[in-house]
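Please look over the model below with the following points in mind.

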Amino acid sequence: MPAAPITFFNRLTQRIETEAVYGEGFLCFTYESNLGALPLHALVKKTAFSRWYGRRMDAPASRAKIAPFLETYGVDVSEFADTPDSFRTFNEFFYRKLKPQARPIAAGENEIAFPADGRHLVLPDIAACDDFFIKGTCFDLAALLRDAALAERFAHGSMLISRLCPVDYHRFHFPCTGTPGPARQINGPLYSVSPIALRRRASIHWENKREITLLRTAKLGNVLLLEVGATCVGSIVQTYTPDAAIAKGDEKGYFRFGGSCFITIFEPDKIRFADDLIEHSRAGREVYARMGDVAARS
């Protein structure tokens, strides 16, 4: 039986749309069939598989994939800081930079910006969520953070989950002004973060390899920023300087090839998410929005 289509609300067009899933056939086979479970556990979730695929995307021959990808997914090349023919490999294209004007940053002092392009889901009270992708499944914050004190402090906090697809801009940015500490890495497998996979295994977010950064802010207290790896993500690259003050919208780092996600966690009662995020998340539907746009207000 084919997988149910992945729908999302597109903030730019103000319409509910159906996602064109990169590698959909492979994902459905791997995560929705008993036969697919064999290669999933034997190979696909392994870090070595993603490193191997990442090396393929770093090879000069991968450059030939760029033009067909642009045509198939209609990527807007006018936003690129560099021309498409300047990229030597597919990975260089994948973690491309954009022109600053392509992603204006929410200017209001009380406005929190999306940290990445993607499809976004929110949990206004993490502890109150008991249907995370699968009915009766609570989000396991303690497993995600691997820090009991932090998990207790943020138990009733607010969470923004930003899912990046291969077609998206793959650099991630700071959602608010503050001073970030160093990134702490937690090793794990590399399952896909697509809803196709999450419908079967909602725990992927707190199982996959991830990095956690604590951002100290003047108005919002501490904010947790997490990069979560996924199948075919070659690596998570941090480009910021720990313990140096940053401004809202400054670059934090980038993902190399593959779908991935970025999680932002706020302390309780510090922010309120935008109405469209709350409305569609309640319906189990993600909202597509771009880095820099307003995600919440303090």
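1. Two strands are said to pair if DSSP finds at least two bridges between them, and strands (E, at least two residues) and helices (H or I, at least four) are DSSP runs numbered from the N terminus. This is a predicted model, in which local features need pLDDT of at least 70 and side-chain atom pairs count only at pLDDT 80 or more, while totals for chains, interfaces and linings use all residues. Residues are numbered from 1 along each chain as its sequence is written, and side-chain values use heavy atoms, leaving out hydrogens and water.

2. Strand S9 (residues 210-216) runs antiparallel to S10 and is joined to it by seven bridges, with Arg216 opposite Asn222 of S10. Five residues lie between the strands of this hairpin, in which Gly221 takes a positive phi near 70 degrees.

3. S10 is also joined, by six bridges, to the antiparallel strand S13 (residues 260-266), where Thr264 is the bridge partner of Leu225.

4. Seven of the seven residues of S10 (residues 222-228) are buried, meaning under 20% relative accessible area with a 1.4 Å probe, protein chains only. In a regular strand the side chains alternate between the two faces of the sheet. Here both faces are covered, with Asn222, Leu224, Leu226 and Val228 on one side and Val223, Leu225 and Glu227 on the other.

5. Leaving aside neighbours within four places in sequence, Leu215 is in contact (heavy atoms within 4.5 Å) with residues including Phe174, Pro180, Val223, Leu225 and Ile246.

Definitions and conventions. Buried means under 20% relative accessible area, exposed over 50%, partly exposed in between (1.4 Å probe, protein chains only).
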